[in-house]
Amino acid sequence: MQFEKLFEMQKALDRHIEEKHGLLNEDLFNRKVVALLVEIGELANETRCFKFWSVKPSSAKDVILEEFVDGIHFILSLGIECGFDAEQMELKMHGLSLDATDQFLRVYELVNIFQQAKNLSSYIDLFAAYLVLAEQLGFTEGEIEQAYFRKNEVNYQRQQNNY
């Protein structure tokens with residue numbers, strides 16, 4: 001994955017948003033954590049992996065991918081908030097052969113651990129677990145990157161339209 005490019009793009013988007021909304025001197029860490037948790041929930045809802053009571057299928061793959069990428073935006077943004085960068089990213093992907101529901105729970109757990117620790121190790125664990133989830137959902141690195149690039153453009157357009 002092109003972490004350097006992703007971090008660069010996210011840093012520019014974050015700066016644009018923070019300047020536009022007068023947030024340059026604000027500590028946005030906890031708000032970004034809540035935003036990430038919400039995005040993970042929206043992703044889970046689109047996959048419907050936990051909805052044992054329903055026969056309705058999951059959303060289309062492109063819808064799920066867009067929701068997944070929303071999480072990538074906030075994970076990158078949180079790393080930037082903590083001063084991390086692409087050079088520090090050495091992800092060790094270790095899926096514990098969990099099903100998607102259990103992997104969602106693992107990701108939620110790791111968000112909370114990172115929120116408390118705010119260290120590189122917990123950040124890398126979170127990012128790796130989120131990418132394991134992507135693998136379980138059937139996404140390739142290339143699909144994730146392309147979807148990120150598209151959504152980044154949409155986010156700039158939204159800012160221009162006072163979203």
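Welcome! Start by selecting Glu-109 and Arg-106, which form a salt bridge with their closest N and O atoms 2.9 Å apart. This is a predicted model, so take the tour with that in mind. Both residues sit in helix H4 (residues 100-117), 3 residues apart, about one turn of the helix. Glu-109 counts as partly exposed, at 40% relative accessibility, and Arg-106 is partly exposed too, at 28%.

Next, click on Lys-151. At 6% relative accessibility, this residue counts as buried. Which residues does Lys-151 meet in a salt bridge? One partner is Glu-66, with the closest N and O atoms 3.1 Å apart. Lys-151 lies in helix H6 and Glu-66 in helix H3, so this pair ties together parts that are 85 residues apart in sequence. Glu-66 is partly exposed, at 39% relative accessibility.

For a group view, select Asp-14, Glu-18, Lys-32 and Glu-81, which are linked in a network of salt bridges. The count for the model comes to 8 salt bridges.

Finish at the largest pocket, which holds about 650 Å³ of space. Of its 21 lining residues, select the closest to the centre: Ile-17, Ala-35, Phe-74, Gln-159 and Tyr-163. Then colour helices H1 (3-20), H2 (29-47), H3 (61-81) and H6 (141-160), each supplying at least two lining residues. H1 gives the most, with 5 residues. By class, the lining has 7 nonpolar, 6 polar and 8 charged residues.

How values were computed. Residues numbered from 1 in each chain as written. Predicted model: local features only at pLDDT ≥ 70, side-chain atom pairs only at ≥ 80, totals over all residues. Heavy atoms only, no water. 1 Å grid on protein atoms, 1.4 Å probe; cavity = no way out; pocket = protein on both sides within 12 Å on 5 of 7 lines; lining within 4 Å. Points joined across faces, edges and corners; volume = space filled by probe spheres on them. Helix = DSSP H or I, 4+ residues; strand = E, 2+ residues; numbered from the N terminus. Nonpolar A, V, L, I, M, F, W, Y, C, P; charged D, E, K, R; others polar. Salt bridge = Lys/Arg side-chain N within 4 Å of Asp/Glu carboxyl O. Buried < 20%, exposed > 50% of the residue type's maximum accessible area, 1.4 Å probe, protein only.
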